[in-house]
Amino acid sequence: MKKIISLVAIACFYSSIIFSQSLPTPSQRQLQWQQMETNAFLHFTVNTFTDKEWGDGTESESVFNPTKFNARQWIKALKDAGFKMAILTCKHHDGFCLWPSKYTEHSVKNSPWKNGKGDVVKEVSDACRAYGLKFGIYLSPWDRHEPTYGTPAYNIFYENQLKELLTNYGEISEVWFDGAKGANAKNMEYDFKGYWNIVRKLQPHAVIFSDAGPDIRWVGNESGNAGQTCWSTIDTAGMAPGKADAAYLNTGDIKGKCWMPAETDVSIRPGWFYHASENDKVKTPQQLVNLYYQSVGRNSLLLLNVPPDREGLLYETDVKNIKTFREILNETFKTNFAKDKVPASLTDKKLNTFISIKTNKPYVIDFKKLIKIDRALLQENIASGQRIIKGLLEYWDGKEWEKIDDFTTVGYKRLLRFNIITAKKLRVTISESKGAAQLAELGFFKASSKE
Ligand code: FUL
């Protein structure tokens, strides 16, 4: 564990010196990742057929038989719903591999599906390419089937599997290292440093997720809630996958020296895997919209799990709800009332065109006519670091300035939801910031009635 901690700490120390005089800043891959906003998780394995959440590794390969398997149906549905990447559980804790790995017999090659000739990883990665989505992999370190688990030989086994996935399936854009491990699991000292080196070498553009980064951190819960205050910076001392302070990860750290934005992973269903008994518990489009505000709207990224069913298809309710979710968001954010009322750089949807705002110098937007709004959007030019600590949004009621809402961190994106107000003028005041704030985008909207 010590090795991992020092690897992350050294990387952060150097990046803070190289990229900025004082503030930590994102790497290119982190910057690109954050702007994807909504990605999808695909949990699929023997559990789908045994109705479990955690398989114990004794499942027979014969249970895996998705009779109508169609990865293109999954990815088309995700594409239509605006998701930018799909991350597949290539191997979950049960050890069953969705690709015909050379290193184990516990895989699709011994299942009845396509007479053992199928490869889910290939079909999903091909479908992603066909529909223009990025593709990411989840390879559970905790493996309840593999006999070498608990010995140093397991690290070699794991690295071999990682290499198969990183070399045979084209571009991989995210690698998800799950820290989960059952309370009674065998002791196992994972060589995370070695795993991460392999990712860097074979897929240098991929972001690496774990509780403790090194690129992306966990948000600290599985309910879809980034902190109201959410810094993209943390300090990784004492942290490792499976060993992290959830509350600290949730808010990040204003003083953190390491740029490591939070990813909010949450399932569209109560469980991570498909269970027919949960078909009437699929989150509604409105609940999904709430998740968007609570994650992307708080400087995080939403990784929404949409698990395929036993036939090997995304279930109709899930498909319908993600589609409506996107339609609602598109409608809400269609008309920005700030357009043409503020410098073009604030509404051009580019982070690197911005205006500098000094603290406690209110920035006034005069619409010259009455407008009705109930949503606000702020974005920082995070390439120069995350600066805004605190701010205030007010409207002119004809006599004086009235508070609409106050906020803490902005970072990549801050969305504010408030009761509808009618006003001719608004003003934004940044009351605390690490130097001048670099405001990249500003928006005021009237929410869709379907929210
Ligand atoms: C957890 C796992 O134990 C769950 O099964 C799921 O994969 C979730 C995303 O991560 O740690």
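This is a predicted model: local features need pLDDT of at least 70, side-chain atom pairs count only at pLDDT 80 or more; totals for chains, interfaces and linings use all residues.
Local features are reported at pLDDT of at least 70 and side-chain atom pairs only at pLDDT 80 or more, while totals for chains, interfaces and linings use all residues. Residues are numbered from 1 along each chain as its sequence is written, and side-chain values use heavy atoms, with hydrogens and water left out.

**Helix α4**

Helices (H or I, at least four residues) and strands (E, at least two) are DSSP runs numbered from the N terminus. Helix α4 covers residues 71-80, and its buried residues are A71, W74, I75, A77 and L78. Buried here means under 20% relative accessible area, exposed over 50%, and partly exposed in between (1.4 Å probe, protein chains only). Viewed down the axis of α4, the buried residues fall within an arc of 155°, so they line one face of the helix; the arc is that of the directions from the helix axis to the C-beta atoms. An α-helix has 3.6 residues a turn, so residues three or four places apart point the same way.

The buried residues of α4 pack against β1 (38-42), β2 (85-91), α5 (120-131) and α10 (316-332). At the start of α4, a side-chain oxygen of N70 comes to within 3.1 Å of the backbone nitrogen of R72. G82, with a positive phi near 85°, follows the helix.

**Helices α9 and α10**

One of the packing partners of α4, α10, also packs with α9 (residues 285-295), at an angle of about 55° and with the axes 8 Å apart. Axes are lines fitted to C-alpha atoms, for helices over the stretch in contact, and angles run from 0 to 180 degrees between N-to-C directions. That angle makes α9 oblique to α10; angles under 35 degrees count as roughly parallel, over 145 as roughly antiparallel, 65 to 115 as roughly perpendicular and the rest as oblique. On the α9 side, P285, Q286, L288, V289, Y292 and Y293 meet N321, I322, T324, F325, I328, L329 and T332 of α10, where contact means heavy atoms within 4.5 Å.

**Two buried glutamates**

E37 lies in the loop between α2 (28-34) and β1 and is buried, at 11% relative accessible area. Leaving aside neighbours within four places in sequence, E37 is in contact with Y292, V296, L301, L302, Y412 and K413. Its side chain makes a polar contact with that of Y412 at 2.7 Å. A polar contact is a pair of N or O atoms within 3.5 Å; within protein, one must be able to donate a hydrogen and the other to accept it, and residues adjacent in sequence count only if both atoms are side-chain atoms.

E174, in strand β4 (residues 174-176), is buried with a relative accessible area of 0%. Residues touching E174, not counting those up to four places away in sequence, include W33, N39, M85, F135 and E263. The side chains of E174 and W33 make a polar contact (3.1 Å).

**Backbone exceptions**

Most residues other than glycine have a negative phi, and most peptide bonds are trans.

The peptide bond from G213 to P214 is cis, with omega near 20°. P214 is placed in the loop between β5 (207-210) and β6 (216-218).
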